[in-house]
Each structure stands twice: as C-alpha cells, then as structure tokens.
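The exercises below are to be worked with the sequence and the coordinates at hand. Each task is followed by a solution in steps.

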Amino acid sequence: MKIALCLFKYYPFGGLERDFLNIATALERCGHEIHIYTMKWQGDIPENFNVNLLKINGHSNHKRALSFSNHIKKIKLTKQYDVIIGFQRMAGLDFYFAADVCFARSAQQKHGFWYRLTPRYRHYLQLEKMLMQSAATILHLSPFEKRDYQYYYNVPDARFQALTANVRRNDKDKQQMQAIKNRVRQVLKVNPQEHMLLMVGSDYKRKGVARALHALAAQQSPQIKLFIAGKGKVKPMLKLTRSLGLNSQVIFLGARDDVADLMCAADVLLHLAHEETAGKVILEALTFGLPVLVTENCGYAFHVKNAQAGELIRQPAQQANLNQTLKQFLQADLSFYRTNALKYAANTDMYSMLEQIVQLVESRKPAAATCRVTQDSVVA
C-alpha cells in the first residue's frame, strides 16, 4: 500500500514524534511505501522514507497549520494514496492519531472569553471541527479524549478506535538494573542516602515542572534531588529554582537518549502535568519498576492506579495536597510500589499498539496480508 503520514514538524525527542516514527517504521517494514508530509524535519531521515518538506506561508503557527491542512486535503482528492494518517488535527485524513487533548475543551478551561475572539482560537477550532465532521477514524490513547470529542462534537462510537500502548519491554534483570543504577548515580553524584526524583518530558510548563519545584521546596530536605530530562524553556524554571533555594538539588539534563538508564537510577518518577493525553513515560517507568507520582488527568494515570505502583494527585490539583502526598510517598516503602510495577508490566499489554495500527491500516485494502510487528520496530 502507498501510505502518507502527515505532521506539522518532526524533532527526535517528542513523545508524539516518537510514536509517529515508530508507526511509520512498522508500516515500512511490513512492505508499505511510506511518504511523509511535514513543514520541518530535524535529525536524520530514515532510509526508505520519502519526506516531502512543504513550504507553507504564514506569519503565525495557526495560519501555517490551516494552510498545511488545506494542502493535505488537496492531496486526498488526488487519490494517490491508499491511506492518509495525520498526527495533528487537519482535513483529508483516513486515520487521526489523537495524541493532543481536545482543543475545544482545553480552550474553554484554560482561557477566557477574549481568547475565543482571537485568530489563533478560530483557526485551531476550525481544524478540529473539520476533522471531527469528516469520516476519519480517530485512534485514541485514553478514554478521556473520546469523552471530550463526543461531548463537544457528538462524534459517534463507530468513529473511534481505542489503542493499546506502545512501550519497549524492559529486558534487563535485577542485577543489570542495579549495576546501571550504581553507575548512573555515581555519575550524577547521588549518594545512597539521597532520594533521586526524575521528570521526563518536553514543555516544562505543561508537564508541571513548577509544581515539582514547589513540592521539592516544601520538603525542606537536602537529601532529595530532582533531575529533569527533556526540552523546554529552562530560563524561567532556573529562576524559580533559584528563588526557592534549590540550586544544589535540581539538575536540568536537557534532551537525553539514556532515559532508560535514568529510570533504573531514580527512586520516583514525577509526572505532574497540567494536560497530558497519554503520558508514555508513565508506562516506561512501570517497566523499570519505578514508582510514579502522577496527576490523575494524565491519560495513562489509570495504569498506575490499577498496578498500585504509585499515587495519583486528584483533580483539580492543589499544591498543598501535592506537597503532602510527595512527603508521604517518600516516607513509604517504595519497594512495595516497585514490585507491583514490575508485576503489572509483565502481565499487562502495554506493547502492541504498532501491530494494532498496522492491522487497522491494512484492513482498508481488501484481502490485505497482515504483518506481525516486533519490538525491533520500537524506538525507545
């Protein structure tokens, strides 16, 4: 099959972008011809991918997004592709990978009346309406997104397809993880008596880094260190770190390709996002037996609850409650959470999303031969 995959921009360290690359790679390894449409590509282009860099005019992101959508709609009308998959809201799709929160709900909850008069609001709402009013299948990662889209757009059940997760299985035994832990903590200068907290993700504001800094300050303990991996606007967070007197306890690591090693070394994963459609890092933590403290609005937070592998911060999240929960969490027996996390990861399907998507795409072609996807397809 000839398949087009569309996203606004690609860079190597985003969660959505990793899912995109995994899906494209899995489809290509099953013998399908892959064509990518994007406005920007950062990093190496995999072999056998045909990447079309569209020159889209516009003085703002929302205008460029609408122009990009119009271009994909025109491509759809040419019928040159068997399937078109989109990773942002746009027209002309057969499948929409719903990694973003519902824009209508987010805009209503986060902004006031005047925001809804802006061109940005109108353009992005228009893109979402066009998508929801089309015939595209919505591949959703959490029940929250289906609920929101149905509430705002009355989308029928038949348009939705729930996806399993897509994480790499942890193939390391306890001895290997302990060796990695010792090595990483030595490099990062974390002694055995200290608690190592870890945050992973881009967009520090949305991921709740400020919440984590305030919670750390409330502990008033020099024996706790917080490591933050991922891209984001670091200057305002460094300013907040200094104002809270946490200079020696908070380390911004930047984008990393050794997150698995950091998870082996850490004592707790903090994921305190204000908005999070899924939160793949939450499941990755479970595979390494890493206890998780997470805000319950994250799409994958229910896995932590089901596994009894951490604690959920109830919504609406209050800083005082978060501070107290972190204190109690660090005083608890973390080995209980670690054991539960590893057991859950071993017995729960958090790994088959790629195979599921390949089967869905191939079902669009009569008598299509299905392809089995292996863990080799997964980008860590």
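Helices (H or I, at least four residues) and strands (E, at least two) are DSSP runs, numbered from the N terminus. Residues are numbered from 1 along each chain as its sequence is written, and side-chain values use heavy atoms, with hydrogens and water left out. The model is predicted, so that local features need pLDDT of at least 70 and side-chain atom pairs count only at pLDDT 80 or more, while totals for chains, interfaces and linings use all residues.

**Exercise 1.** Determine in which helix aspartate 261 lies, and whether aspartate 261 is buried or exposed.

Solution. Step one places aspartate 261 in helix H10, which covers residues 259-265. Step two applies the cut-offs, where buried means under 20% relative accessible area, exposed over 50%, and partly exposed in between (1.4 Å probe, protein chains only). Aspartate 261 has a relative accessible area of 18%, and therefore counts as buried. Step three lists its contacts (heavy atoms within 4.5 Å): when neighbours within four places in sequence are set aside, aspartate 261 touches Ile180, Arg183 and Val184.

**Exercise 2.** Work out the strand order of the open sheet of 7 strands, and find what packs on this sheet.

Solution. Two strands pair if DSSP finds at least two bridges between them. On that basis the order is E5-E3-E1-E6-E7-E8-E9, with parallel pairing. Strand E5 (49-53) and strand E9 (160-162) are the edges, each pairing on one side only. For angles, axes are lines fitted to C-alpha atoms, for helices over the stretch in contact, and the values run from 0 to 180 degrees between N-to-C directions. Helix H1 (residues 15-29) packs on the sheet, where it touches strands E1, E3, E5, E6 and E7, and its direction makes about 155° with that of E3. Within the sheet, strands E6 and E7 pair over 2 bridges, and isoleucine 85 stands opposite phenylalanine 95 in E7.

**Exercise 3.** Derive the strand order of the open sheet of 6 strands, and state which strands helix H11 lies across.

Solution. The order reads E12-E11-E10-E13-E14-E15, again with parallel pairing, and the edge strands are E12 (250-254) and E15 (310-313). The twist from one strand to the next averages 20°. Strand E11 (residues 224-229) is joined to E12 by 4 bridges, and phenylalanine 227 has isoleucine 251 as its bridge partner in E12. Finally, helix H11 (residues 280-287) lies across strands E10, E13 and E14, and runs at about 170° to E13.
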